[in-house]
Amino acid sequence: MTKAKKNQSNVSRRAFLGTSAAAAAGFTILPSNTIAGLGHKAPSDKLNIAGIGVGGMGRTNLKNMSTENIVALADVDWKYAGKTFNDYPNAVRYKDFRELLDKQKDIDAVMVATPDHVHALAAYSAMKLGKHVYVQKPLTHSVYESRLLTNTANEMGVATQMGNQGNSGDGIREICEWIWAGTIGDIKEVHAWTNRPIWPQGLERPTDKVRVPKTLDWDLFLGPAAYRPYNPIYTPWNWRGWWDFGTGALGDMACHILDPVFKALKLKYPTAVEGSSTQINTESAPEAQKVTYWFPERDNMPKVAMPAVKVTWYDGGLLPERPEELVDGEMMGDWGGGVIFVGSKGKIMCGTYARNPQLLPTKKMEDFKRPAETLRRIPKAMEGGHEQDWIRACKEDKSNRLEASSNFDYSGPLNEMVVMGVLAVRLQDLKRRLLWDGANMQFTNIGDNDQIRVVTSDKFEVVDGDPKFDTKFETMNAKKAAEEWIRHHYREGWQQI
C-alpha cells in the first residue's frame with residue numbers, strides 16, 4: 001500500500017452521494033410503512049431497525065429491541081458479528097454503514113454500537129436521513145461531536161437515546177427526588193469512581209507486522225481515524241484504551257456513574273477542569289486517572305439551593321477518602337464503583353448505574369421517609385426498558401412526543417462533560433487548572449505558544465545490575481492539540497462533520 005493510499009480510505013464513496021443530495025435538497029426520505037400524513041407509527045406497528053456495530057454491546061441492544069423488525073446489520077468484522085447475524089438471518093448484511101444507509105430505504109431507526117470514534121459520523125448520517133437513533137455510550141469521541149449530534153437531533157426532530165441504561169432506572173430517580181426534597185441539604189462536593197479499566201491501557205503502539213484476518217475490513221474499522229497498521233491488540237473490544245478509537249475508563253463508565261450527578265444537580269458546562277494520572281503517552285489512556293470538575297451555581301430549586309460544586313472522578317484503582325459514616329467492612333459503592341454526594345445536612349451514596357442509593361450512615365435508611373415519587377418510572381430499565389423507552393418515543397409524533405430518558409438534549413451535554421475530562425488528562429503537562437468556555441467549546445487559558453511534552457515510549461532494563469531508563473517524548477503545541485482533540489479532523493475520504 002502506498003503512503004497516499006494509507007492516508008485515505010479506499011472504500012467507495014457512493015454511499016454518501018444520496019445522503020449529501022438529500023441534505024442539500026432539504027428533504028427527508030421516509031420509509032413506505034410510515035403512516036401517510038401523520039409522520040408517526042401506531043404503537044402496534046413495528047419499527048424497521050438497522051444495527052451498526054453489532055458484534056459486542058450492539059448484540060445486547062438489538063436483543064432488547066427485538067420486539068421490532070431488525071432489517072439490516074452492518075459490521076466491519078463478520079466473524080465477531082457472526083452470532084448477531086445468526087440471530088437475524090433475514091437481515092441484510094453490510095460491512096460499510098454508509099452503504100447500508102444509502103441502499104436500505106425501509107429503515108425507520110438505527111442502533112449504533114461501533115467503537116467510539118465512529119459513533120458521531122454514523123449517527124449524524126442516519127439522523128440527516130430522518131432516522132431515529134440509539135447510540136451506545138459514550139455518545140461521541142469528542143466535545144464537538146456531542147454538540148453536533150445534540151443540534152442535529154433537534155434540527156431533524158428524531159427520537160434519540162444514549163445507551164447509558166442506568167438513566168432509565170429507579171436509582172437515579174430516587175437520588176434526584178431525595179436531593180430535590182432537601183434531604184441532605186446543599187451539595188458542594190461529589191466523588192465518583194469506577195473499577196475500570198479492565199482492558200489494557202498505558203500501552204505503546206505495537207511495531208510487529210500482523211496479517212489482517214479475512215473476516216475483518218481493517219480500513220473500515222479505522223474509519224475516520226488516521227491510518228495505522230493492523231494489530232489484534234486493537235480489536236475486538238480492546239480499542240477502548242487507544243486514544244484514536246476510544247476514551248479510556250472515563251469515557252466508558254462516567255456516562256453511567258456521573259449520570260445521577262449530572263441529573264440531580266442540574267449540571268451543564270463546567271467552568272474549569274484539572275486532570276492527573278499515571279504515566280500518559282501519545283497512544284493510549286493511562287492506567288489510572290483523577291479528574292476534577294468545577295461547576296458554577298445554578299438556579300435554586302424550591303427546597304434546595306444549587307451552589308457551585310466540585311465533582312471529582314477516580315479510576316484505575318484510585319478511590320476517594322472513605323466516609324467516616326461507613327462502619328468497618330462496609331462497602332463503599334459496589335464492586336463496579338459508585339458516587340458519594342456530600343451535602344450540608346448529610347450524604348448519599350450509590351453504586352454503579354445509580355443502583356441502591358442510601359443515606360449515610362446506612363442505618364438512617366431504617367427510618368427514612370422517602371419523598372414522593374415525582375419522576376416517571378421505566379419498567380425493567382436494565383433488562384431492555386431503556387431501549388423500549390426509545391422505541392416508544394420513535395413511534396410518537398414529534399409535535400407531542402415524550403422524549404426518551406437519555407435523549408440527546410440531556411445526554412449530549414452529559415457526554416461533553418465526560419470527554420472534556422479526557423482532554424484535561426491529555427493536557428495535564430500544562431500544570432494548571434484549565435478554564436473552560438462551554439458555549440464556545442474552548443479552553444481560555446491556553447496560550448498560542450504553550451507546549452506540552454508527552455511520552456512516546458518508555459523503556460526500562462537492568463544492565464550489569466544498574467537500572468537503565470530510556471524515555472522519549474513528543475513536544476506539541478498545546479493549543480493546537482486541544483483544538484484537534486475537541487474537534488477531530490477526519491481521515492481523507494471520510495465525510496467531515
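In this predicted model, helix H6 is followed by Gly 130, whose phi is positive, near 85°. Helix H6 covers residues 116-128. The helix is mostly covered, with 13 of its 13 residues buried.

Two packed helices are described by the angle between their axes and the distance between the axes. H6 packs with helix H7, residues 143-156, at an angle of about 15°. Their axes lie 10 Å apart. Angles under 35 degrees count as roughly parallel, so H6 is roughly parallel to H7. The crossing of H6 past H7 is left-handed.

On the H6 side, the contact involves Ala 120, Ala 123, Tyr 124, Met 127 and Lys 128. These residues meet Glu 145, Leu 148, Leu 149, Thr 152, Ala 153, Glu 155 and Met 156 of H7. By type, the residues of this contact comprise eight nonpolar, one polar and three charged.

H7 also packs with helix H13, residues 408-426. Here the angle is about 170°, and the axes are 8 Å apart. Angles over 145 degrees count as roughly antiparallel, and H7 and H13 are therefore roughly antiparallel to each other. H7 contributes Val 143, Ser 146, Arg 147, Leu 149, Thr 150, Ala 153 and Asn 154 to the contact. From H13 come Phe 408, Asp 409, Gly 412, Pro 413, Asn 415, Glu 416, Val 419, Met 420 and Leu 423. The residues of the contact between H7 and H13 divide into eight nonpolar, five polar and three charged.

Leu 149 and Ala 153 of H7 take part in the contact with H6 and in the contact with H13.

Notes:
Residues are numbered from 1 along each chain as its sequence is written. This is a predicted model: local features need pLDDT of at least 70, side-chain atom pairs count only at pLDDT 80 or more; totals for chains, interfaces and linings use all residues. Side-chain values use heavy atoms; hydrogens and water are left out. Axes are lines fitted to C-alpha atoms, for helices over the stretch in contact, and angles run from 0 to 180 degrees between N-to-C directions. Helices (H or I, at least four residues) and strands (E, at least two) are DSSP runs, numbered from the N terminus. Angles under 35 degrees count as roughly parallel, over 145 as roughly antiparallel, 65 to 115 as roughly perpendicular and the rest as oblique. A crossing is left-handed if the near helix is turned anticlockwise from the far one by less than a right angle, and right-handed if clockwise. Contact means heavy atoms within 4.5 Å. Ala, Val, Leu, Ile, Met, Phe, Trp, Tyr, Cys and Pro count as nonpolar, Asp, Glu, Lys and Arg as charged, and the others, Gly among them, as polar. Buried means under 20% relative accessible area, exposed over 50%, partly exposed in between (1.4 Å probe, protein chains only).
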